[in-house]
Amino acid sequence: MIYFDNCATTRTDDDIAALITKYQTETFFNPSARSSFSAEVSRSISVAREKVSRAFGAQNYAVYFTSGGTESNNTAILGSLKSKKGNIVATAAEHSSVYNVLLYLQSKGYEVRLAKVLPDGHIDTDDFLSRVDENTLLACFMHVNNETGAVNAVAEINAAVKEINPRTVTFSDGIQAVGKIPVNLADSVDLYTLSGHKLHAGKGIGALFVKNGVRINALLLGG
């Protein structure tokens with residue numbers, strides 16, 4: 001078989017698959033328990049979190065591991081909203097795991113403003129920024145378009161949004177960017193997401209980066 005669709009999903013790397021098997025069958029201990037075995041697993045998770053943080057220049061971010069891109073995107077949007085008194089600005093070309101959440105929020109009374117995209121899939125930056133105002137709660141703009149491959153200038157858009165309203169939380173879906181282009185989150189958006197299966201990690205693994213000072217409400221409680 002010759003496979004050309006790594007943008008959709010990737011084969012899990014052999015070393016990663018072996019590591020997953022190890023933690024499922026040998027080092028399978030609950031990291032929240034009090035045994036020395038559990039403490040070692042907890043340390044391994046901390047090391048992994050630190051490595052992911054360094055890899056993306058995200059030392060001033062908290063790194064939350066999730067079940068994948070959809071959970072990361074949902075948590076970023078739903079977890080960041082604290083009030084209905086304001087608007088959400090996004091693009092009309094967001095991935096369904098972002099777009100459908102916005103439609104849900106719209107049905108619950110939130111004002112959602114959708115900006116245009118250019119014919120090649122790039123964000124129409126002028127139109128996007130024209131929709132941001134002093135009442136904008138959240139601004140969503142994907143890093144790489146999953147249909148066209150258009151790469152958006154995330155850092156520049158973020159800076160322009162913050163100039164209009166420093167209180168606006170900025171979020172970028174980076175799932176199609178990570179592993180394909182360099183990603184450095186220093187001086188970037190408040191929230192950024194990735195999905196492991198796009199870069200040879202296992203299925204069911206993702207991450208949400210949350211800039212220090214930004215508070216996210218949990219979607220899952222207890223456990």
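The model is predicted, so local features need pLDDT of at least 70 and side-chain atom pairs count only at pLDDT 80 or more, while totals for chains, interfaces and linings use all residues. Residues are numbered from 1 along each chain as its sequence is written, and side-chain values use heavy atoms, with hydrogens and water left out.

**The whole protein**

Zoom out for a moment. The C-alpha trace spans about 55 × 45 × 30 Å along its principal axes. Of the 223 residues, 41% count as buried, meaning under 20% relative accessible area with a 1.4 Å probe and protein chains only. Among contacts (heavy atoms within 4.5 Å) between residues at least 6 apart in sequence, 66% join residues at least 24 apart.

**The cores**

Next, select F128, F141, L185, Y192 and F209. These have the most contacts inside the largest nonpolar core, which has 25 residues. Such a core is a set of buried Ala, Val, Leu, Ile, Met, Phe, Trp, Tyr and Cys residues joined through side-chain atoms within 4.5 Å. At least two core residues come from each of β1 (61–66), α5 (125–130), α6 (154–164), β6 (191–195) and β7 (206–211). Helix α6 gives the most, with three.

Centre on F209 and show its neighbours: leaving out residues up to four places away in sequence, they include V52, F56, Y61, L185 and Y192. Then pick I88, L102, Y110 and V112, which are among the 18 residues of a second, separate core.

**The largest pocket**

Now show the surface. The largest pocket has a volume of about 1100 Å³, the space filled by probe spheres set on its grid points, which are joined across faces, edges and corners. On a 1 Å grid over the protein atoms alone, a pocket is an open set of points where a 1.4 Å probe fits, with protein on both sides within 12 Å along at least five of seven lines; lining residues have an atom within 4 Å of a point. Of the 30 lining residues, L19, I20, A48, F65 and I205 are closest to the centre. Helix α2 gives the most to the lining, with seven residues. By type, the lining divides into 19 nonpolar, 10 polar and one charged.

Select L105 in helix α4 (residues 96–107). L105 is buried at 4% relative accessible area, and its contacts beyond four places in sequence are I77, L78, L81, I88 and Y110.

Move to N158 in helix α6, buried at 6%. Beyond four places in sequence, N158 touches F141, T170, D187, S188, V189 and D190.

Finish at D133, in the loop between α5 and β4 (136–140). D133 counts as buried at 17% relative accessibility. Its contacts beyond four places in sequence are N87, R113, I164, N165 and T168.

How values were computed
Buried means under 20% relative accessible area, exposed over 50%, partly exposed in between (1.4 Å probe, protein chains only). Helices (H or I, at least four residues) and strands (E, at least two) are DSSP runs, numbered from the N terminus. Ala, Val, Leu, Ile, Met, Phe, Trp, Tyr, Cys and Pro count as nonpolar, Asp, Glu, Lys and Arg as charged, and the others, Gly among them, as polar.
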